[in-house]
Amino acid sequence: MTRAEHKRKLIAFIDTIRRPDMALDTVEEHDGLVTSGLIDSLALLEIITFLEVELGFDFSDTGVDPDQLSSIAEILDLIERRSA
Amino acid sequence: MTLGRQFEAVSQLHEHPRLIELAATARGRALVWLVATLLLAPSSLVYSISPLLALVLIAPQWRVQFLSGGSIWVLGRLLIREGVSTPAAMGGLFVLVGVALYLCYIAARSYSRLPGFARRNAQIILHVVACAALIGTWLLPVRFLGDSHAIHALRVLLPFLVWRCGYVLLSGRRGSAVNSGFLDHVFYCLPIFGGTPVPYGKGYDHLKRHRAEQAEALARSLLAGIKLLVLVWLWTGLRRAMTLLVYGDDIHGLGSVVAGYALNLPHLRELIASPDAFRLPTAWLSIFLELFAVTLELAASGHMVIGCLRLFGFNVFRNTYKPLLAQSIVDFWNRFYYYFKELLVEFFFLPTYVSTFKAHPRLRILAATMAAAFLGNIYYHVLRDSEELVNVGLTGAWMQVGPRCFYALLLGLGICVSMIREQQRRGAATPSTSSPLRRIAGVWWFYAIIHIWNVEPAELTFAQRTTFFLSLFGL
């Protein structure tokens, strides 16, 4: 799957966990998802679950760096690194 | 300009374009240094921060080297404070700490080449070694380890360094330490900007991410640092006003001046010690005021550390960010003591979350939350207070740890329920109908109540605390 396809899928998922009072298009790819207020810090757990279920990632061997889930760009970078 | 806009302009001074432009110039940086020095003047930190800040502002590209130089000063000051005086003991501890940090750094840099068992269990091995060393300071004869002051210093240093070394190893696990230098890790392991056993600013990965490289980013960081130091003054002043006017305690001889105006309310510790001596409304008012006072103290001390870190060009998050406005228990926990929460999340919550109960979402959250807020919380405090706990013996230690265990249990359960509720709320078709004020009040109530089992002094027994809790409801 290409980066663009991953991005489309990720954005569709984030749309389901974002705060209802925040529009998805107000956040750029490099903006912090939590710091911009789009999602709360708890939603990071759901992003972890999304990566585990959708992409088959197993973080039990490498651990999770919350900073690597801080923006759409960071998550896509993480996906690329782990898929390489 | 309306009052609201004026307040926003002052509170967001670090985002003001003209101030940012000024702080990016040599004259502006000199001004920042002067203001920072004046704001730090009442604290002993000024003697170390002010000269180092001058160097960092002149040559920010060398900040890691300057701060690492400051680390030597930090270690020396800590050893002297703990009474280490002989050159042999001092030199021995310097070498010991240096070797320990270097070994952690080497392990992090060569993480992918470590044996599989070590890679999978690096944090556990680190803590087993640290705990073994700590136990060794009690079991081995004094003559084997140097003098008693050196042993005491070691008992202070181990809980301080172990979490920071944990962050060094985490950067190894994440692969980011490969291209790092030794000094990139030294300056946060022995931080000149202050702190407690909790690593404010976390470790290499977090600091690198928030390191201001360009002049404009550095200017923003400097202004954000100044803003926090101003808040230190405000919150410290407010806390002292509380001490004088609410509790009627004396500060700098001012107690007698304001004696006629003081409310003379009891501290929570006094209420717990003798609950029958006070009326019920006084007791309820006092537990909420205690939460307010604790928040002010934590905000002031955290802002001092993060303010200095920002002045050195690491624009990291605050330690305390408006927790009293939090509308859920989990949100308060996130805002109240951010770097302690991050420690528990990174070393306990996430490792448990990614490796257990994947097919059972709620059980997964429960296990991870209890691993962090309960087990991790207790372990952190037992490690930190180990010397005191050993000195009071097994029964005394249990008397002290018992109430904290109960506090941590309530905290863990509260956070877990709050997390699950927040997840449900996010997935709900209609937003919550309860008012924000009601939610805030609920959060205050929860934290004020559980603090009964956490408040100092540790000598207050579980029975005393529980009796006081029941007395709040007329029982």
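Modeller: Ser48(B) sits in helix H4 (residues 46-58) of chain B. With a relative accessible area of 7%, Ser48(B) is buried. Keep in mind throughout that this is a predicted model.

Now to the part you asked about. Chain A and chain B bury about 2000 Å² between them, and 51% of that is on carbon and sulfur atoms. Three residues of chain A stand out here: Leu42(A), Leu45(A) and Asp67(A) supply 28% of the area that chain A buries against chain B, more than any other three residues. Counted by residues, the contact takes 25 from chain A and 19 from chain B.

What about charges across the boundary? Between chain A and chain B there are five salt bridges. Arg364(B), for instance, pairs with Glu52(A), and the closest N and O atoms of that salt bridge are 2.8 Å apart. There are also nine residue pairs in polar contact across the interface of chain A and chain B, both partners being at pLDDT 80 or more. On the side of chain A that touches chain B, helix H2 (residues 43-55) of chain A gives the largest share, six residues. That side of chain A divides into eight nonpolar, eight polar and nine charged residues.

Helix H2 of chain A turns up again inside chain A. Glu54(A) forms a salt bridge with Lys9(A), with the closest N and O atoms 3.3 Å apart. Glu54(A) lies in helix H2 and Lys9(A) in helix H1 (residues 3-17), both of chain A, so this pair ties together parts that are 45 residues apart in sequence. Both ends are partly exposed: Glu54(A) has 40% relative accessibility, and Lys9(A) has 34%.

As a general point, nonpolar side chains tend to be buried together in soluble globular proteins.

Helix H16 (residues 329-336) of chain B is mostly covered, with six of its eight residues buried. Those buried residues of H16(B) are Ile329(B), Val330(B), Phe332(B), Trp333(B), Asn334(B) and Phe336(B).

Back to charges, this time over the whole model. The structure holds 24 salt bridges over all chains. In chain B, the side chains of Glu213(B) and Arg211(B) meet in one of them, at 3.0 Å from N to O. Glu213(B) counts as exposed at 52% relative accessibility, whereas Arg211(B), at 22%, counts as partly exposed. Another salt bridge joins the side chains of Arg239(B) and Glu297(B), at 2.6 Å from N to O. Arg239(B) lies in helix H13 (residues 215-246) of chain B and Glu297(B) in helix H15 (residues 280-311) of chain B, so the pair ties together parts that are 58 residues apart in sequence. Arg239(B) is buried, with a relative accessible area of 16%, while Glu297(B) is partly exposed at 41%. Elsewhere, salt bridges that share partners join Asp65(A), Arg174(B), Lys202(B), Asp205(B), Lys341(B), Glu342(B) and Glu346(B) into one network.

One last stop is Phe406(B), in helix H20 (residues 393-427) of chain B. Phe406(B) is partly exposed, with a relative accessible area of 27%. Setting aside residues up to four places away in sequence, Phe406(B) touches Trp453(B) and Phe462(B). The C-alpha atoms of Phe406(B) and Ile378(B) are separated by 10.0 Å, and the two residues are 28 residues apart along the chain.

Notes: Residues are numbered from 1 along each chain as its sequence is written. Chains are lettered from A and ligands numbered from 1 in the order in which they are written. This is a predicted model: local features need pLDDT of at least 70, side-chain atom pairs count only at pLDDT 80 or more; totals for chains, interfaces and linings use all residues. Side-chain values use heavy atoms; hydrogens and water are left out. Contact means heavy atoms within 4.5 Å. Buried area is the accessible area (1.4 Å probe) that two parts lose on being put together, summed over both. A salt bridge is a side-chain nitrogen of Lys or Arg within 4 Å of a carboxyl oxygen of Asp or Glu. A polar contact is a pair of N or O atoms within 3.5 Å; within protein, one must be able to donate a hydrogen and the other to accept it, and residues adjacent in sequence count only if both atoms are side-chain atoms. Helices (H or I, at least four residues) and strands (E, at least two) are DSSP runs, numbered from the N terminus. Ala, Val, Leu, Ile, Met, Phe, Trp, Tyr, Cys and Pro count as nonpolar, Asp, Glu, Lys and Arg as charged, and the others, Gly among them, as polar. Buried means under 20% relative accessible area, exposed over 50%, partly exposed in between (1.4 Å probe, protein chains only).
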